[in-house]
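Please read the following note with the sequence and the model open beside you. It is written for a reader who is new to structural description.

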Amino acid sequence: RVWRVEISAPVEASTVVGEFAIAEPGGRRLRPADRQVAIGPEGGWTPAEVASGRDVVSLGSTILRTETAVAAVCALCVTFER
């Protein structure tokens, strides 16, 4: 079916933002090619973090709690594989 999703423990944002798409309101829609998405802190990403990200993706019109955003990304990735 689909690949096994890997959810990592919290890490310093500076270690991942350059490699991952950043989930942030106002970004583009998530696409099937998006395999790594960084879910930000409760207060949101800083402008510097957003600027150094690979890309910015949106998870919808509302701001989600961190744990809900993870579930949303996983659900969208599974949907893309169908």
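1. Basis of the note. This is a predicted model, in which local features need pLDDT of at least 70 and side-chain atom pairs count only at pLDDT 80 or more, while totals for chains, interfaces and linings use all residues. Residues are numbered from 1 along each chain as its sequence is written, and side-chain values use heavy atoms, with hydrogens and water left out.

2. The largest pocket. A pocket is an open set of points on a 1 Å grid over the protein atoms alone, where a 1.4 Å probe fits, with protein on both sides within 12 Å along at least five of seven lines; lining residues have an atom within 4 Å of a point. The largest pocket holds about 770 Å³ of space. Its lining consists of 24 residues, and E6, I7, S8, F20 and V37 lie nearest the centre. Two or more lining residues come from each of β2 (37–38) and α2 (66–80); helices (H or I, at least four residues) and strands (E, at least two) are DSSP runs, numbered from the N terminus. The largest share, five residues, belongs to α2.

3. The second largest pocket. The volume here is about 320 Å³, a volume being the space filled by probe spheres set on the grid points, which are joined across faces, edges and corners. Of the 20 residues in the lining, A23, E24, P25, I63 and L64 lie nearest the centre. At least two lining residues are supplied by each of β1 (21–29), β3 (55–58) and α2, and β1 gives the most, with three.

4. Helix α2. This helix has 15 residues and reaches 21 Å from its first C-alpha to its last, close to the 21 Å expected at 1.5 Å a residue (the expected span is 1.5 Å times one less than the number of residues). Which residues of α2 are buried? They are A69, V73 and C77, where buried means under 20% relative accessible area, exposed over 50% and partly exposed in between (1.4 Å probe, protein chains only). Seen down the axis of α2, these buried residues fall within an arc of 70°, so they line one face of the helix; the arc is that of the directions from the helix axis to the C-beta atoms. The buried residues of α2 pack against β2.

5. Residue Q36. Q36 lies in the loop between β1 and β2 and, at 37% relative accessibility, counts as partly exposed. Its C-alpha atom is separated by 6.3 Å from that of A21, although the two residues are 15 apart along the chain. Leaving aside neighbours within four places in sequence, Q36 is in contact (heavy atoms within 4.5 Å) with E19, F20, A21 and R54.
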